[in-house]
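Welcome! Let us take a walk through this structure together, one stop at a time.

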Amino acid sequence: MAPTSAFVTPSTLAKETTLKDGYIIDERDKAKVAHNEFSDDIPVISLAGIDEEHPGGRREAILKKVVEACEEWGIFQLVDHGIDVELINEMTKYTKEFFALPDEEKLKYEMSPGKHKGGFLISSHLTGEAVANWRELVLFFTYPVQGRDYSRWPSKPEQWKAMVEAYGENMMNLSCKMFELLSEGLGLDKDAYAKSMGDISQHLVVNHYPKCPQPELAVGLKRHTDPSSITLLLQDHVGGLQATKDGGKTWVTVRPIKNALVLNLGDHAYFMSNGRFKSADHQAIVNSIETRTSIAVFMNPAQDAKVYPLNVKEGEKAVLEEPITYAEMNNRHKNRYLEIVRLKKLAKEENWSQEELDLKLSQLN
């Protein structure tokens, strides 16, 4: 659902007692686990000692845990990651201050549908969605530096721009360390993965999920995988991020850990690892008690970077028939997502059984 200047934000709609029709999800998509029913199934990995590369050093143990988490879940939490706590606190503070502004102030930076210059959005940057996400967000394009359009970066709070720059730089440095581990985990030189990405692109999304009058009928962010290589997510204490590793049969709510970063692998990592590493299947749900905030940093290859498994072992079949560009991969990802939306809408209109819908969805490439 594309926003317009006349579109009322969820922050304002949160004051009402019932949910608007445009936010009501299908019965099949309702959350199976509560936002605060936390699970400890998602691995938590300390990066303390990541630079100890000598035999027997901490890096070996860290690499083993990262590879196991990538293969089982495609999502895990990072602690002792080296990002300054004060930077995290300031970034969170200014994010909350922005979303507390009146609608008319936030809408000054409204992002035009289909134009990717960054700015304020309601629900999603995608057009054609049948049901809106109960979410407000600001999208910043942070790398390459020459691609930044500061006119789309909110001027309030005043210090936020500088904080976004600093946060983005720190996330870039941490991501490069993680790319080294992914590369080593695939049996390659540690710089092979990052080299294959070309001029690495980064965009930062700050998410605001207001209290919802009828949270059981809404969703903060629909089930999806990211097209990115990796996504680094800072979440607050509220809870709402959920993941599945069995195709949606069972879900877990990721336990918030203060100052930890949740790392999601995206579709790019899945293809580059020849399917060895999972693309994190996840969603965000909302609640009626507390507003939730999260800050996601998406790390992507250059648009013209080649997407194809880096290491196809003898006897294995590549998950892609031929190399494609990241731009093409991203386009396929978007089209597949919108086709899922279309099929779910059709299933509701024509009263398909769950088995009929599952069959149609399984036939998607």
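Where does Asn-259 lie? Asn-259 sits in the loop between strand E10 (252-254) and strand E11 (261-265). Here, helices (H or I, at least four residues) and strands (E, at least two) are DSSP runs, numbered from the N terminus. Asn-259 is a residue other than glycine, and its phi is positive, near 70°. Asp-80, not a glycine either, has a positive phi of about 55°; Asp-80 belongs to the loop between strand E3 (75-79) and helix H3 (85-99).

Before we go on, a word on the ground rules. This is a predicted model, in which local features need pLDDT of at least 70 and side-chain atom pairs count only at pLDDT 80 or more, while totals for chains, interfaces and linings use all residues. Residues are numbered from 1 along each chain as its sequence is written, and side-chain values use heavy atoms, with hydrogens and water left out.

Next, look at the loop between strand E5 (136-143) and helix H5 (160-185), where Pro-144 lies. A cis peptide bond, with omega of about 0°, joins Tyr-143 to Pro-144. Pro-157 is also found in the loop between E5 and H5, and a cis peptide bond links Lys-156 to Pro-157, with omega about -10°. The face of Tyr-143 has Arg-148 over it, 5.1 Å from the ring centre (a charge sits over a ring if NZ of Lys or CZ of Arg is within 6 Å of the ring centre and within 35 degrees of the ring normal).

Now for the aromatic rings. The whole structure holds nine aromatic pairs. The pair of Phe-98 and Phe-99 is edge-to-face, because the ring centres are 5.3 Å apart and the planes stand at 80° (rings of Phe, Tyr and Trp, the last by its six-membered ring, pair if their centres lie within 6.5 Å; planes under 30 degrees apart count as stacked, over 60 as edge-to-face and the rest as tilted). Phe-98 and Phe-99 are both buried, meaning under 20% relative accessible area, with exposed over 50% and partly exposed in between (1.4 Å probe, protein chains only). Ring pairs join Phe-98 and Phe-99 into a cluster with Phe-120, Phe-140, Tyr-150, Trp-153 and Trp-160.

Our last stop is Asp-267, in helix H7 (residues 267-272). Leaving aside neighbours within four places in sequence, Asp-267 is in contact with several residues, including Thr-225, Ser-279 and His-333 (contact means heavy atoms within 4.5 Å).
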